[in-house]
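Hi,

Here is the structure I promised to pass on. Have a look at it first, and then read my notes on the aromatic rings below.

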Amino acid sequence: MPELPEVETIRRQLAPRVEGRVLARVRVDDERWCTPRRPRAMERALTGRRIESLERRGKYLVWELSGERFLLQHLRMTGNLLYDPPDRPVHTRVRLGLDDGHELVYVDARRFGTGQLADGRAGLDAFLGARLGLEPFDPGFGAQHLRALALGRRAPVKAFLLDQRRVAGVGNIYADEALFRAGVHPLRPAGRLTRAQWEALAPAIVSALEAGIDANGASIDDFRDLDGARGSFQDEFLVHRREGDPCPRCGGPVRKLVAAGRGTYVCEHCQPRPRVRRRT
């Protein structure tokens with residue numbers, strides 16, 4: 001699934017090409033993309049709108065359109081945006097024709113991606129506020145903020161990080177990489193992390209995301225950038241998808257386990273497994 005770095009890679013590439021342009025032609029070929037709005041209704045709502053800006057919030061691309069209308073686009077597991085692809089890709093779901101003759105194509109093999117509209121700043125704030133917490137680049141994000149959110153929570157810290165209402169933008173890859181950097185085991189209950197562990201984990205999340213952005217994201221399966229190129233962060237993974245490889249710190253084996261229902265990679269020497277508390 002594209003996470004914050006992959007979506008930010010797309011945003012940085014796409015914004016200079018679309019900001020100030022007008023959506024001259026819109027074609028929605030998959031009704032699931034814009035449910036509950038019908039495809040023709042979505043086409044009418046978008047056609048003729050000027051793209052004022054292209055921002056990102058968590059894993060959402062936020063298209064600010066003229067008339068204070070916002071398109072909230074989520075790529076989900078297999079969504080990709082391609083700019084002027086030479087051939088019509090298989091699994092094309094949406095086509096956005098710009099007034100300068102260029103075309104943006106949304107491709108999604110599994111059809112999980114969405115496009116939803118919000119009217120006005122209040123509508124935008126309500127939409128995002130119901131779905132997303134602070135993201136790691138927000139000035140209010142830090143150890144104190146995370147510790148307060150986790151207070152009393154028994155769920156594994158990996159599940160805590162994947163909850164977009166708690167931490168916006170972090171998914172499976174960057175949670176594994178951040179937890180390794182911080183030396184925190186993914187199965188440790190979030191509410192039992194010490195102050196020192198939160199103080200290590202908060203900047204580790206930021207550094208993992210920054211490394212992903214610098215590498216133009218990770219291309220494990222489907223992710224490609226706007227021009228169809230692969231990201232390179234998968235070549236820099238410390239533990240994710242490195243089961244059986246030596247830990248880059250201690251040389252011990254990287255192990256795979258399941259946390260929060262996701263395949264999770266850990267060095268249990270550098271990230272000590274929490275001890276099970278016995279009932280007395």
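**Notes on the aromatic rings**

Let's start with two residues: Y60 is buried, and F127 is buried too. Keep in mind that this is a predicted model.

So what did the search turn up? Over the whole structure there are five aromatic pairs. A quick reminder before the details: we describe a pair of aromatic rings by the distance of the centres and the angle of the planes.

Take W33 and Y106. Their ring centres are 6.4 Å apart and their planes sit at 40°, so this pair is called tilted. The two residues come from distant parts of the chain, 73 residues apart: W33 is in the loop between β1 (23-28) and α2 (39-46), while Y106 is in strand β7 (residues 103-108). Are they buried or exposed? W33 has 3% relative accessibility, so it counts as buried. Y106 has 2%, so Y106 counts as buried as well.

Now back to Y60 and F127. They form an edge-to-face pair, with 5.6 Å from centre to centre and 85° between the planes. Y60 belongs to strand β3 (residues 60-65) and F127 to helix α3 (residues 120-129), so this pair ties together parts that are 67 residues apart in sequence.

Which residues do ring pairs link into a cluster? They are Y174, F233 and F237.

Cheers

How values were computed. Residues numbered from 1 in each chain as written. Predicted model: local features only at pLDDT ≥ 70, side-chain atom pairs only at ≥ 80, totals over all residues. Heavy atoms only, no water. Phe/Tyr/Trp six-rings, centres within 6.5 Å; stacked < 30°, edge-to-face > 60°. Helix = DSSP H or I, 4+ residues; strand = E, 2+ residues; numbered from the N terminus. Buried < 20%, exposed > 50% of the residue type's maximum accessible area, 1.4 Å probe, protein only.
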